[in-house]
Amino acid sequence: MARTSYALMTQPPASAPASSLLGPTEPAECSVFHRSWQHEAQLDLSMGFALGEVFNARDQGNGTILIDVRSAPRDTLVKADFDYSQELMVRCATLGQMPSAAGGPQKFTIQLRPGPDIGEKAYVTKQFFNGNVTGVGLRVLAGTVSLDMGSNTGMAISEEEARSLMSQIAQEFIDAARNQ
């Protein structure tokens, strides 16, 4: 179902880069830090792909952490989600996109931070829309598994709670995968 929903999403013209959905990434070299649905890895049938939700609050939607899991050979995952150096991550500590909307341009900003000591590579994101914090995320690479998690921040779950819960979920998931 997830692949079908992604395949049905409105896509930019074939000649336009996928980033045109949200406008160009600034600086352009930071486009490697895309959000999971911004690239076509989920349509790659050689890559295992699944979505899940963890409800922190007893109300669906509030406090929900979305999980995007990919399984593929490590090189495939690195190319899709982790093709960056530490130097690039430092240069891209804050990146932005300027989608155009009916009311004029809007600003979507992502701050990158080093992630917890989980897996081989991990980083945390903090998302802003027009200057307001809208969510936090965690992306982790561990061998042949890539985890991408995100949570909207708000009344049901704080930014700190979301990061802590995502780190715990990632560690448990990776531990379980290693023990298989």
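This is a predicted model: local features need pLDDT of at least 70, side-chain atom pairs count only at pLDDT 80 or more; totals for chains, interfaces and linings use all residues.
Student: Which parts of the chain does the pair of cysteine 30 and cysteine 92 tie together?

Tutor: Cysteine 30 lies in the loop between strand E1 (25–26) and strand E2 (48–55), and cysteine 92 in the loop between helix H3 (86–91) and strand E4 (94–97), so the pair ties together parts that are 62 residues apart in sequence.

Student: Why is the disulfide of cysteine 30 and cysteine 92 called left-handed?

Tutor: The handedness is read from the torsion about the S-S bond: for cysteine 30 and cysteine 92 this torsion is about -90°, so the disulfide is left-handed.

Student: Are cysteine 30 and cysteine 92 buried or exposed?

Tutor: Both cysteine 30 and cysteine 92 are buried.

Student: How many residues has the largest nonpolar core, and which of them have the most contacts inside it?

Tutor: A nonpolar core joins buried residues through side-chain atoms within 4.5 Å. The largest one here has 20 residues, and Val140, Leu147 and Met149 have the most contacts inside it. At least two residues of this core come from each of strand E3 (64–71), strand E8 (121–129), strand E9 (132–142), strand E10 (145–152) and helix H4 (159–178). H4 provides the largest share, six residues.

Student: Which residues does methionine 149 touch?

Tutor: Leaving aside residues up to four places away in sequence, methionine 149 touches Ile65, Leu66, Ile67, Val136, Gly137, Leu138, Met166, Ile169 and Ala170. There is also a second, separate core of 19 residues, which includes Cys30, Val32, Tyr84 and Tyr123.

Student: How does E9 pair with E8 and with E10?

Tutor: In a regular strand the side chains alternate between the two faces of the sheet. E8 and E9 pair in the antiparallel sense over nine bridges, and eight bridges join E9 to E10, also running antiparallel. Valine 140 in E9 stands opposite alanine 122 and opposite leucine 147 in E10. E9 is mostly covered, with eight of its 11 residues buried.

Student: Which residues take a positive phi in the two hairpins?

Tutor: The hairpin of E8 and E9 has two residues between the strands, and asparagine 130 takes a positive phi near 50° there. The hairpin of E9 and E10 has two residues between the strands, and in it glycine 143 takes a positive phi near 65°.

Note on methods: Residues are numbered from 1 along each chain as its sequence is written. Side-chain values use heavy atoms; hydrogens and water are left out. A disulfide is a pair of cysteine sulfur atoms within 2.5 Å. Helices (H or I, at least four residues) and strands (E, at least two) are DSSP runs, numbered from the N terminus. Buried means under 20% relative accessible area, exposed over 50%, partly exposed in between (1.4 Å probe, protein chains only). Contact means heavy atoms within 4.5 Å. Two strands pair if DSSP finds at least two bridges between them.
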